[in-house]
Amino acid sequence: MNKIKSNLQNMVLVLTGSALICGGLLAYINNLTKPTIEAQAEKTLNEGIAAVLGGNAGERLEEPTTVKRTVDGKEQTFVVYKMQNGTAVQSTDPNAFGGNLKVLVGFNTEGDILGYTVLEHAETPGLGAKAGEWFQKGQPGCIVGLNPGEKNLTVSKDGGDIDAITASTITSRSFLRAVQQAHLTFKSNTDANTSATAQKKCDSTCNEKED
């Protein structure tokens, strides 16, 4: 059996063939694992929503709503999850110490914070990474039970009502900005729905009068 000549053309063919085979295998494996990964992601999300809404979110009232708002001159994306026992809002601040800091915040109908969880961060372990615990109920910087529309949710160093994480003021500012923006998104979404409901009710009443 003749050996394949070791020249540039044959090497390119072998490498191309190997790349195609590897690519095909990766695509096959991805298709096999995709449903499992999506199911796990959905499970994690539902557990997170339940956690920020006091442990019992109830049924989902409607499909998640993606909201785009301009914050400090940049367009940011928020996701609103309306549940039977409250509303959860996913919010991201891009100015944390390590980059993006993404949170999920739960609100009751009045806009009080029921709970939160940090979904993503790249903060320093032992310092900024404490954001997931520092602002929880019973902790030094507790925000649970507060209403961002009534309390000054900025760090005390900036004249606010919240104690920053020790040696992590930048992370604390970023976290609180994400929470504030989550509340503004919750409020704007709620006000919009209230106005739409009122308009619908008004239209119905007006039509009845016209008949």
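Guide: A residue is called buried under 20% relative accessible area, exposed over 50%, and partly exposed in between (1.4 Å probe, protein chains only). The model is predicted: local features need pLDDT of at least 70, side-chain atom pairs count only at pLDDT 80 or more, and totals for chains, interfaces and linings use all residues. Residues are numbered from 1 along each chain as its sequence is written, and side-chain values use heavy atoms, without hydrogens and water.

The aromatic residues come first. Three aromatic pairs are found in the whole structure; rings of Phe, Tyr and Trp (its six-membered ring) pair with centres within 6.5 Å, and planes under 30 degrees apart count as stacked, over 60 as edge-to-face and the rest as tilted. Phe107 and Phe186 are stacked because their ring centres are 5.0 Å apart and their planes lie at 20°. This pair links distant parts of the chain, with Phe107 in strand 4 and Phe186 in helix 3, 79 residues apart. Phe107 is buried at 0% relative accessibility, and Phe186 is buried at 6%.

A second stacked pair joins Phe135 and Phe175, at 4.3 Å centre to centre and 10° between the planes. Phe135 belongs to the loop between helix 2 and helix 3, while Phe175 belongs to helix 3, so this pair ties together parts that are 40 residues apart in sequence. Both Phe135 and Phe175 are buried. Ring pairs also join Tyr116 to Phe135 and Phe175 in a cluster.

The whole structure holds four salt bridges, each a side-chain nitrogen of Lys or Arg within 4 Å of a carboxyl oxygen of Asp or Glu. One of them joins Arg177 to Asp93, at 3.0 Å from N to O. Arg177 is partly exposed at 28% relative accessibility, whereas Asp93 is buried at 6%.

Another salt bridge, of 2.8 Å from N to O, joins Arg173 and Asp158. Arg173 is in helix 3 and Asp158 in the loop between helix 2 (131-134) and helix 3, 15 residues apart. Arg173 is partly exposed, with a relative accessible area of 29%, and Asp158 is partly exposed at 42%.

Terms used:
Helix = DSSP H or I, 4+ residues; strand = E, 2+ residues; numbered from the N terminus.
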